[in-house]
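Thanks for coming. I will keep this short and go through one site in one structure.

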Amino acid sequence: MTLITAGIDIGSTTSKAALWIEDRLGPCSIGPSTTNPRTTARECYEKALQEAGIKADEVACVFGTGYGRAKVSFADDNISELSAHGKGAKTLLPSARTIIDIGGQDTKVIIMDANGEVLDFGMNDKCAAGTGRFLDFIARTLGVSVKELAKLHFSAKYQPASLSSMCSVFIESEVINLVNEEVPLASIVQGMHQSVAIRVAALAKRMGLVEDVVITGGVAKNAGVVDELERKLGVKVKTFPDGVDPQMVGAIGAAVIAKQKHLKRSGKQA
Ligand code: ADP
């Protein structure tokens with residue numbers, strides 16, 4: 001019988017479901033997080049099941065993760081985002097040693113040993129300035145979508161506008177001033193990405209960065225932020241093979257842990 005497990009990642013901004021079928025990634029789904037995480041989790045899971053043509057009773061074990069993990073009422077258990085992102089990244093890219101997860105609400109850096117054991121981790125301070133939410137907020141101010149930020153970043157010569165404020169609220173005022181001074185949008189976007197990268201790189205360096213470095217979370221899809229991070233870290237960031245969506249890594253990790261727990265519980269080797 002085919003062993004199928006699932007991971008449900010209820011994040012601050014998006015909710016994700018991933019199916020793990022034997023030793024490979026199955027269909028995934030993603031949607032916005034809502035004020036009703038229980039329903040959102042179920043809908044997200046059902047979407048992935050439907051795409052796979054699988055019924056819920058064919059799934060051996062489901063693990064929840066993310067900030068709303070306790071609300072995944074149909075899950076067998078749940079795990080922390082750190083464990084989920086660590087496991088997901090290591091499974092997809094075994095050479096990964098440093099995982100930088102930049103999500104909607106926070107940024108985490110996880111340092112792992114060669115066997116995938118978490119050695120250390122750190123999080124951004126309470127300020128939103130190094131997170132996806134900050135990028136969403138500034139993109140709205142600029143009248144563009146976050147999906148357009150990378151294109152804008154690379155659309156002109158590298159001349160990042162200087163954003164000196166430390167707080168996201170003040171940075172927004174600086175951005176409005178730059179727009180009024182007719183500073184090119186590409187420079188403002190480069191400056192904003194630089195501002196995010198400075199914060200994230202400082203955290204990663206404090207943690208003792210080890211290569212290979214990978215980025216997970218929705219912001220990993222912004223090639224402009226990745227470009228700035230590579231400049232600030234002084235290392236190349238690895239991408240996941242087979243075009244795996246970096247935003248799905250937490251859900252994938254939860255599905256892999258669900259498989260290992262299931263095998264252990266049923267007396268088989270994980
Ligand atoms: P969480 O798990 O906390 O909900 P995610 O890992 O889903 O967060 O990341 C959400 C963030 O990812 C959004 O705030 C947005 O800034 C960013 N994001 C999502 N999709 C894209 C995209 N296609 N291009 C650039 N940024 C994106």
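Which pocket does the space taken by the ligand form? That space is the largest pocket. Before going further, please note that the model is predicted.

Let me start with the residues around the ligand. There are 19 of them, and those that come nearest are Thr13, Thr14, Lys16, Asp136 and Gln247. Sorted by type, the shell has 12 polar residues, 5 charged ones and 2 nonpolar ones.

Take Asp136: a polar atom in its side chain is 2.6 Å from an oxygen atom of the ligand. For Lys16, the distance from a side-chain N or O atom to a ligand oxygen is 2.8 Å. Ser12 also has a polar side-chain atom facing this analysis, at 3.0 Å from an oxygen atom of the ligand. As for cover, the ligand on its own has 580 Å² of accessible area, and the protein covers 87% of that.

Next, where does the shell come from in the chain? Two elements that each supply at least two of its residues are strand 2, residues 14-21, and helix 3, residues 132-142. Which of the elements gives the most to the shell? Helix 3 does, with 3 residues.

Last, the domains. Domain 1 covers 1-93 + 242-270, and domain 2 covers 95-239. Each of these two domains contributes at least three residues to the shell around the ligand.

To recap: the ligand takes up the space of the largest pocket, and both domain 1 and domain 2 supply residues around the ligand. That is the end of my part.

How values were computed:
Residues are numbered from 1 along each chain as its sequence is written. This is a predicted model: local features need pLDDT of at least 70, side-chain atom pairs count only at pLDDT 80 or more; totals for chains, interfaces and linings use all residues. Side-chain values use heavy atoms; hydrogens and water are left out. A residue is near a molecule or strand if one of its heavy atoms lies within 4 Å of it. A polar contact is a pair of N or O atoms within 3.5 Å; within protein, one must be able to donate a hydrogen and the other to accept it, and residues adjacent in sequence count only if both atoms are side-chain atoms. Accessible areas come from the Shrake-Rupley method with a 1.4 Å probe; for residues, only the protein chains shown count as cover. On a 1 Å grid over the protein atoms alone, a cavity is a set of points where a 1.4 Å probe fits but cannot get out, and a pocket is an open set with protein on both sides within 12 Å along at least five of seven lines; lining residues have an atom within 4 Å of a point. A molecule sits in a cavity or pocket if more than half of its atoms lie within 2 Å of its grid points. Helices (H or I, at least four residues) and strands (E, at least two) are DSSP runs, numbered from the N terminus. Ala, Val, Leu, Ile, Met, Phe, Trp, Tyr, Cys and Pro count as nonpolar, Asp, Glu, Lys and Arg as charged, and the others, Gly among them, as polar. Domain bounds come from an automatic or database domain assignment.
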